[in-house]
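Please look through the sequence and the structure below before reading on. This briefing then takes a reader new to the structure through it, one topic at a time.

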Amino acid sequence: MPCPALPDGFDPTDPDLLHHRVTLPEFAELRRTEPVRWIPQPRGVAGFADTGYWAVTRHADVRYVSTHPELFSSSLNTAIIRFNEHIERDAIDAQRLILLNMDPPEHTRVRQIVQRGFTPRSIRALEERLRARAEAIVAGARARPGPFDFVTEVACELPLQAIAELIGVPQEDRSKIFDWSNKMIAYDDPEYAITEEIGRESATEIIAYAMNMAAERKRCPARDIVTTLVAAEDEGNLNSDEFGFFVLMLAVAGNETTRNAITHGMHAFLTHPGQWDLFRRERPATTAEEIVRWATPVNAFQRTATQDTELGGVLVRKGDRVGLFYASANHDPEVFTDPDSFDITRDPNPHLGFGGGGPHYCLGKSLAVLEIDLIFNAVADAMPGLHLTDPPRRLRSAWINGVKELRVSHG
């Protein structure tokens, strides 16, 4: 039956809604009364030739869909739940070359290769260099005499530098990656005046940059992840195209998501001063996981049903799109005690901020947790009195829970 507390036409992928807030009250109502709900959409408004999708809001159901790729495909319509209405179908289909939008067995083959760059040993090898970079980033921000934007001065820098360290992008090129990735995901925000065409051009730039890196390593191997992934294609490595699309995914999955987790985390600390005091004193090891749960940088991904199947008591037909709303799952009171509280000592914390499990569980989770830990330790040491000067300015996006500006001051 319809949820009486929801407004007519409610769509949790509406970028106008997400420009102002995550729809947590509406998600609570859906979990309570209609946890798998059909969301009607005008045909083509999300880039798809259908009339809507199923919104999945309970933690258990999001996990179920995520862990059954044989029933729910990432490839058929990609994992992106809403494109610009003017996108061509060919442009959607081209995104199947990205790991995020693959199904097994192709996904399994590519993931097994790229996992070489995310081994515990690889991440540990980065730790001291990234610690020094985090401290330098925060020191640079602290040297500014007045208020500054935490997003551009702090939050975005370490994820970019971590990617550069991981795959060997020269540090002087990190601003290119930042600019290209911003343009790829900002097409819903009129402030940026980014069109789908500009977004595609930016994606092409990243792919071309990465393919050039791959070609160079084949000519002249080095002791880095690029060489490990591409230098010997006949030994189960990536070809140049596959490496290009892998870097494209890193530019968003490894940059935009971690940057927004750090930004939301800082905002959470500054609006929950007791938690900031606790962190400064004790530095709980559980902090980063709670920041990711609270932030949930990806509002939603989608899957497409490969056959008729029952989910949450409703029949989902073959070909129907299914939206996985991670922010809702991460506030499910069936799983989390007092889910609307920001609690950096929360343990256990089975949040779905890195995905709902299954084949698409975040490849870079260990790196993201390390970056979050390092940057907040650096901020707590160098700028313990940081405070907000203005409310955050949110990104207008259908699927990224993003903050484009967070003005703060340490004075």
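The structure is a predicted model, and the values given here are computed from it. A search of the whole structure finds two cavities of 30 Å³ or more, and helix H12 (240-271) is among the elements that supply at least two residues to the lining of the second largest pocket.

- Two bridges connect S9 with strand S12 (residues 407-409) in the antiparallel sense, and Leu 388 is found opposite Val 408 in S12.

**The packing of H8 against H12**

- The axes of H8 and H12 are 9 Å apart, and the two helices pack at an angle of about 145 degrees, with H8 passing H12 in a right-handed crossing.
- On the side of H8 the contact is made by Pro 159, Leu 160, Ile 163 and Ile 167, while H12 contributes Val 247, Leu 250, Gly 254, Asn 255, Thr 258, Arg 259 and Ile 262.
- Sorted by class, the residues of this contact are seven nonpolar, three polar and one charged.

**The second largest pocket**

- The volume of the second largest pocket is about 380 Å³, and 18 residues line it, with Val 22, His 264, Trp 294, Arg 394 and Asn 401 lying nearest its centre.
- H12 and helix H14 (287-295) each supply at least two residues of this lining, and H12 gives the most, with four residues.
- The lining of the second largest pocket comprises eight nonpolar, seven polar and three charged residues.

- The largest cavity holds about 50 Å³ of space, and the residues that line it are Leu 97, Ile 98, Leu 99, Met 102, Val 110, Glu 242, Phe 245 and Phe 246.
- H12 gives the most to the lining of the largest cavity, with three residues, and by class this lining has seven nonpolar residues, no polar residue and one charged residue.
- The second largest cavity has a volume of about 30 Å³, and its lining is formed by Leu 160, Ile 163, Ala 164, Val 169, Arg 174 and Ile 177.
- Helix H8 (157-167) and helix H9 (174-185) are the elements that give two or more residues to the lining of the second largest cavity, and H8 gives the most, with three residues.
- The lining of the second largest cavity divides into five nonpolar residues, no polar residue and one charged residue.
- Leu 160 and Ile 163 are among the residues that line the second largest cavity, and they are also among the residues of H8 that make the contact with H12.

**Backbone features in the loops**

- Most residues other than glycine have a negative phi, and most peptide bonds are trans.
- The peptide bond from Pro 104 to Pro 105 is cis, with omega near 5 degrees, and Pro 105 lies in the loop between helix H4 (89-94) and helix H5 (106-114).
- Another cis peptide bond joins Asp 347 and Pro 348, with omega of about 5 degrees, and Pro 348 has its place in the loop between helix H15 (326-329) and helix H16 (365-382).
- Thr 78, a residue other than glycine, has a positive phi near 70 degrees, and its position is in the loop between S3 and H4.

Notes: Residues are numbered from 1 along each chain as its sequence is written. This is a predicted model: local features need pLDDT of at least 70, side-chain atom pairs count only at pLDDT 80 or more; totals for chains, interfaces and linings use all residues. Side-chain values use heavy atoms; hydrogens and water are left out. Two strands pair if DSSP finds at least two bridges between them. On a 1 Å grid over the protein atoms alone, a cavity is a set of points where a 1.4 Å probe fits but cannot get out, and a pocket is an open set with protein on both sides within 12 Å along at least five of seven lines; lining residues have an atom within 4 Å of a point. Grid points are joined across faces, edges and corners, and a volume is the space filled by probe spheres set on the points. Ala, Val, Leu, Ile, Met, Phe, Trp, Tyr, Cys and Pro count as nonpolar, Asp, Glu, Lys and Arg as charged, and the others, Gly among them, as polar. Axes are lines fitted to C-alpha atoms, for helices over the stretch in contact, and angles run from 0 to 180 degrees between N-to-C directions. A crossing is left-handed if the near helix is turned anticlockwise from the far one by less than a right angle, and right-handed if clockwise. Contact means heavy atoms within 4.5 Å.
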